[in-house]
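Hi,

Here's the structure I promised to pass on. Have a look at it first, then read on for what turned up.

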Amino acid sequence: MNKISVLFVCLGNICRSPTAHAVFQSMVDSRGLGAKILVDSAGTGDWHLGHAPDQRTSAQAAERGYDMSELRARLVEPKDFAQFDYIIGMDHENISNLMLMRPEDFKGQVELFLSFARKPENRDQAVVPDPYYGGDNGFALVLDLVEDAAAGLLDHMVAQLEQGSQ
Ligand code: 4NP
């Protein structure tokens, strides 16, 4: 294994999955792994196709130094299952939708993002709650959960890359 790809998935692709995309890409880049780990995000709902991330999401991300200006919402497509090793949902509804779309010959993994969280309380929480209809604290919580799970996912992938290079 010399390259790994990950697609983060939520409902609208304007709040949670672009946050995961930006945070994880930033961690990958700061570890010098940009050529080894491909990162993307998509949604299962089509309300916001082509839109930039929600302003509340990008404002809170910017406060922590993450740039989301290049990201645009897109749908999960059947061909994603041929291209991505990890397809990672934010909540149980995302996972159910992905399982319904998943072709029989899919060789990768569909996982809940928080299953990779480093903190046990975040693993126990299991889902990154949808912040869209809530207040600003929901967006800060998304960032807290995403930063923890992204760090755990990167540990997992680095171990996988190291195994593959032996
Ligand atoms: P996301 O949040 O799935 O984290 O991007 C949502 C964004 C938009 C909607 C729902 C959730 N919506 O219903 O438009």
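A quick definition before anything else: a cavity here is a set of grid points where a 1.4 Å probe fits but cannot get out, and a residue lines it if it has an atom within 4 Å of a point. Keep in mind that this is a predicted model.

With that rule, there is one cavity of 30 Å³ or more. The largest cavity holds about 50 Å³ of space. Its lining is made up of Cys-15, Arg-16, Thr-19, Thr-57, Gln-60, Ala-61, Pro-131, Phe-139, Val-142 and Leu-143. Sorted by class, that's six nonpolar, three polar and one charged. Helices H1, H2 and H6 each contribute at least two of the lining residues.

Now zoom in on H2, which covers residues 55-63. Thr-57, Gln-60 and Ala-61 are its buried residues. Looking down the axis of H2, you'll see them fall within an arc of 100°, so they line one face of the helix. An α-helix has 3.6 residues a turn, so residues three or four places apart point the same way. The buried residues of H2 pack against H1 (16-30) and H6 (136-164). On the face turned away from that buried side sit Gln-55 and Glu-63, both exposed.

At its start, a side-chain oxygen of Asp-54 comes to within 2.8 Å of the backbone nitrogen of Arg-56. After the helix comes Gly-65, with a positive phi near 90°.

There's also a pocket to find: the largest has about 170 Å³ of space and 13 lining residues, with Leu-11, Gly-12, Trp-47, Asp-130 and Tyr-132 nearest its centre.

Cheers

Methods:
Residues are numbered from 1 along each chain as its sequence is written. This is a predicted model: local features need pLDDT of at least 70, side-chain atom pairs count only at pLDDT 80 or more; totals for chains, interfaces and linings use all residues. Side-chain values use heavy atoms; hydrogens and water are left out. Buried means under 20% relative accessible area, exposed over 50%, partly exposed in between (1.4 Å probe, protein chains only). Helices (H or I, at least four residues) and strands (E, at least two) are DSSP runs, numbered from the N terminus. The arc is that of the directions from the helix axis to the C-beta atoms. Contact means heavy atoms within 4.5 Å. A polar contact is a pair of N or O atoms within 3.5 Å; within protein, one must be able to donate a hydrogen and the other to accept it, and residues adjacent in sequence count only if both atoms are side-chain atoms. On a 1 Å grid over the protein atoms alone, a cavity is a set of points where a 1.4 Å probe fits but cannot get out, and a pocket is an open set with protein on both sides within 12 Å along at least five of seven lines; lining residues have an atom within 4 Å of a point. Grid points are joined across faces, edges and corners, and a volume is the space filled by probe spheres set on the points. Ala, Val, Leu, Ile, Met, Phe, Trp, Tyr, Cys and Pro count as nonpolar, Asp, Glu, Lys and Arg as charged, and the others, Gly among them, as polar.
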